[in-house]
Amino acid sequence: MHWFAVAPLVALALGCSEPDSTVTRSTEDEQFEITLKAKKNHLKSGETLPILVTVESTTGQLVTTTSDTIDFVANLGSVSPSRLVFTFVGRDDSVSTGATTVYSEWVTFTADQGYFVEGRQAELHALFRDLDTTLKIRLVEESYW
């Protein structure tokens, strides 16, 4: 086989990488880490995808109790719920409800109908403090998988 017959196949394979089904990012001060984890990285029109959202205090249990939020923004689909509110219980507080160092909850991404242009990817953005953690989801045609 000649190189000019193989080159387009190599270029296609290199240019068409699959998005990760798990994405982890840290805040700028490296005190918190957000992980978005899905069982797969692709969806068909109208399908839903459960995504586990985990926030972790990388410095251990906080000194004081802190409440915070993660807001979600999606393109080429929708997410429910669009916001998670959570509390990390601090060492110095007597409050007994909430997480100490790790908080996890599920959200559901639903792909829009009819956006199946070759190479399109939906995105779920988890916005927390100074952080934008983005999970990319390949949109596939019914016969693709």
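**Entry 1: Asp68 and Arg129**

I looked up the contact between Asp68 and Arg129 and found their side chains joined in a salt bridge, 2.7 Å from N to O. The term requires a side-chain nitrogen of Lys or Arg within 4 Å of a carboxyl oxygen of Asp or Glu. The two residues lie in distant parts of the chain, 61 residues apart: Asp68 belongs to strand β5 (residues 66-75), and Arg129 sits in the loop between β9 (121-128) and β10 (131-139). Strands here are DSSP runs of E with at least two residues, numbered from the N terminus. Asp68 is buried at a relative accessible area of 17%, whereas Arg129 is partly exposed at 46%. Buried stands for under 20% relative accessible area, exposed for over 50%, and partly exposed for values in between, with a 1.4 Å probe and protein chains only.

I note that this is a predicted model, in which local features need pLDDT of at least 70 and side-chain atom pairs count only at pLDDT 80 or more, while totals for chains, interfaces and linings use all residues. Residues are numbered from 1 along each chain as its sequence is written, and side-chain values use heavy atoms, with hydrogens and water left out.

**Entry 2: the other salt bridges**

How many salt bridges does the structure hold? I recorded three. One of them joins Arg83 to Asp71, with the closest N and O atoms 2.5 Å apart. This pair also links distant parts of the chain, since Arg83 is in strand β7 (residues 83-88) and Asp71 in strand β5, 12 residues apart. Arg83 is partly exposed at 47% relative accessible area, and Asp71 is partly exposed at 24%.

I then turned to Glu47 and Lys40, whose closest N and O atoms are 3.6 Å apart in a salt bridge. Glu47 is partly exposed, with a relative accessible area of 27%; Lys40 is partly exposed too, with 28%.

**Entry 3: the sheet**

I traced an open sheet of five strands, in the order β1-β2-β4-β8-β6, with antiparallel pairing. Two strands count as paired if DSSP finds at least two bridges between them. At the edges I found β1 (22-26) and β6 (77-80), each of which pairs on one side only. Neighbouring strands are turned by 20° against each other on average, direction ignored; the axes are lines fitted to C-alpha atoms, and angles run from 0 to 180 degrees between N-to-C directions.

I followed the pairings in turn. Strand β2 (residues 32-38) meets strand β4 (residues 48-57) over seven bridges, and Ala38 stands opposite Ile51 in β4. Nine bridges join β4 to strand β8 (residues 102-111), where Thr48 has Thr110 as its bridge partner. Between β6 and β8 there are four bridges, and Val79 stands opposite Phe109 in β8.

**Entry 4: aromatic rings**

I counted five aromatic pairs. Rings of Phe, Tyr and Trp (its six-membered ring) pair if their centres lie within 6.5 Å; planes under 30 degrees apart are stacked, over 60 edge-to-face, and the rest tilted. Phe32 and Phe128 are edge-to-face, at 5.6 Å centre to centre and 80° between the planes. They are 96 residues apart, Phe32 in strand β2 and Phe128 in strand β9. Phe32 is buried at 3% relative accessible area, and Phe128 is buried at 0%.

Phe86 and Tyr103 are stacked, at 5.0 Å and 20°. Phe86 lies in strand β7 and Tyr103 in strand β8, 17 residues apart; both residues are buried.
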